[in-house]
Amino acid sequence: RRAVPRGIRNPGNTCFLSCIVQCLAHCAELRKYTLDGHFWSDINEDNPLGHKGELARAFALTLSRMWSSEFRRDSISPKMLLKLFNSKMDGFSEYTQHDAQEYMSFLIDGLHEDLNRVKEKPVTSPIEQNGRPDYVVADEAWRVHKLRNDSFVADLFGGQFKSTVTCKNCQNVSTTFDPFLHVAVPLPKVTPLQAVYMSKDPTRKLLLLVLKLPGDPQYSDLHSAVLARRHDLNISKEGFIAYEVLNGLINRVILQESDKSLENVNLDDRFAVSEVDLWMPGKEKMILIGLYQRLAYPILKRCSACWKTGVTLKRCMGCYQVAYCSQSCQKSHWIHGKHQSKCGRSYQYFGLPVILSLDPREATYSRLSELTQAHAER
């Protein structure tokens with residue numbers, strides 16, 4: 001036998017089949033049972049719930065070709081299994097997309113019935129608990145189940161669900177143990193989100209955090225996700241402030257107890273985390289200052305009135321947002337261009353704001369200017 005199995009060809013939209021067969025082919029117990037030939041004596045061609053042994057034979061042949069050292073091709077065709085699936089399942093046609101979990105249910109249930117050692121199934125009754133311990137009732141329920149369902153597949157994949165029902169009128173409790181061969185487990189919904197982490201040390205580079213939030217996240221979940229990374233970031237539980245950024249400004253500070261929903265969050269939304277010190281060693285509060293970046297005035301290369309380029313321009317002293325090549329252009333634009341109603345100081349913010357924490361004893365303009373320049377340069 002080969003040490004590494006062959007792959008399964010995709011003749012068209014058969015990924016759903018290939019992934020399930022590959023998973024079962026790498027289940028060591030099932031593979032050994034199939035390739036060693038033990039299944040031949042267990043084939044039940046008379047089971048009305050089975051496929052007259054055809055599914056078991058097709059599965060065994062597929063596995064033998066995957067692991068055979070004599071088969072020359074690098075991959076095998078899944079046509080036998082696909083043909084059986086399409087012929088037994090109403091409404092399905094060849095080479096159309098199907099659900100992998102549905103095929104897994106068909107294959108495992110079909111193998112179980114094709115290999116069921118019980119030739120004539122006896123009539124059984126549900127098992128009641130009647131005050132007995134769970135393990136006693138579960139064991140008896142499994143023995144009764146095996147009277148009708150005795151196969152290697154059931155031994156390998158079978159299990160039990162415990163179901164408890166309480167009557168609202170008499171408070172009687174009924175507990176049953178229901179068998180299963182496979183369980184559908186929902187995948188947790190995860191919302192990815194990016195946040196930029198800024199250390200209080202301006203010499204350290206910005207760090208992009210990729211956070212995984214639960215489905216339908218709240219702002220508090222973002223705070224908790226950053227908190228879970230505090231050991232990687234080497235910060236304390238209270239050593240950071242997370243916030244949402246909109247147009248270069250802090251739109252919302254994110255608190256741990258916030259229950260507001262993060263609706264329509266995506267990777268384009270901007271979030272930031274600033275490392276801060278909230279308290280001094282002597283239990284005195286630190287001063288927190290928000291540092292924003294803005295353009296003092298836009299870069300202008302043409303006259304705002306006549307659009308002439310390559311000339312000396314003089315800005316409007318009222319807003320610095322427009323510039324003119326001559327006094328006549330300025331007067332024309334002031335009146336006819338309606339700049340008179342728009343003139344006024346406005347600023348364009350950009351980048352990510354950072355929150356600084358300062359010792360009150362060092363909260364001077366010179367210290368703030370020094371920190372501002374250091375954070376702007378990194």
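The model is a predicted one, in which local features need pLDDT of at least 70 and side-chain atom pairs count only at pLDDT 80 or more, while totals for chains, interfaces and linings use all residues. Residues are numbered from 1 along each chain as its sequence is written, and side-chain values rest on heavy atoms, with hydrogens and water left out. Helices (H or I, at least four residues) and strands (E, at least two) are DSSP runs, numbered from the N terminus.

Helix H3 (residues 54–67) packs against helix H4 (residues 79–88) at an angle of about 155°, and their axes are 9 Å apart. Because of that angle, H3 is roughly antiparallel to H4. H3 also packs against H5, here at an angle of about 115° and with the axes 8 Å apart; H3 and H5 are therefore roughly perpendicular to each other. In these descriptions, axes are lines fitted to C-alpha atoms, for helices over the stretch in contact, and angles run from 0 to 180 degrees between N-to-C directions. Angles under 35 degrees count as roughly parallel, over 145 as roughly antiparallel, 65 to 115 as roughly perpendicular and the rest as oblique. The crossing of H3 and H4 is left-handed, and the crossing of H3 and H5 is left-handed too. A crossing is called left-handed if the near helix is turned anticlockwise from the far one by less than a right angle, and right-handed if clockwise.

Beyond H3, the chain runs into the loop between H3 and strand E2 (75–76), where Ser 68 lies. With a relative accessible area of 22%, Ser 68 is partly exposed; buried means under 20% relative accessible area, exposed over 50%, and partly exposed in between (1.4 Å probe, protein chains only). Ser 68 and Arg 6 are 62 residues apart along the chain, and their C-alpha atoms are separated by 8.6 Å.

Turning to charged side chains, a search of the whole structure finds 16 salt bridges, each defined as a side-chain nitrogen of Lys or Arg within 4 Å of a carboxyl oxygen of Asp or Glu. One of these joins the side chains of Arg 117 and Asp 150, at 3.0 Å from N to O. Arg 117 sits in the loop between helix H5 (100–114) and helix H6 (134–146), and Asp 150 in the loop between H6 and helix H7 (152–157), so the pair ties together parts that are 33 residues apart in sequence. Arg 117 also forms a salt bridge with Asp 155, with the closest N and O atoms 3.8 Å apart. Asp 155 lies in helix H7 and Arg 117 in the loop between H5 and H6, so this pair ties together parts that are 38 residues apart in sequence. Relative accessibility is 32% for Arg 117, which counts as partly exposed. Asp 150 is likewise partly exposed, at 22%, as is Asp 155, at 43%.

Another salt bridge brings together the side chains of Arg 367 and Glu 370 (3.1 Å, N to O). Both residues lie in helix H11 (residues 365–377), 3 residues apart, about one turn of the helix. Arg 367 is partly exposed at 27% relative accessibility, and Glu 370 is partly exposed at 47%.

The surface also carries a nonpolar patch of about 280 Å², made by Phe 161, Val 183 and Val 185. Val 183 is placed in the loop between strand E4 (173–180) and strand E5 (190–198), and at 39% relative accessibility it counts as partly exposed. Patches are made of residues with over 30% relative accessible area and no salt bridge, like charges being joined within 9 Å and nonpolar side chains (Val, Leu, Ile, Met, Phe, Trp, Tyr) within 5 Å. The accessible areas come from the Shrake-Rupley method with a 1.4 Å probe, and for residues only the protein chains shown count as cover.

Asn 130, in the loop between H5 and H6, has a phi near 50°, a positive value in a residue other than glycine. Asn 130 is exposed, at 69% relative accessibility. Gln 171, in the loop between strand E3 (159–166) and E4, has a positive phi near 65°.
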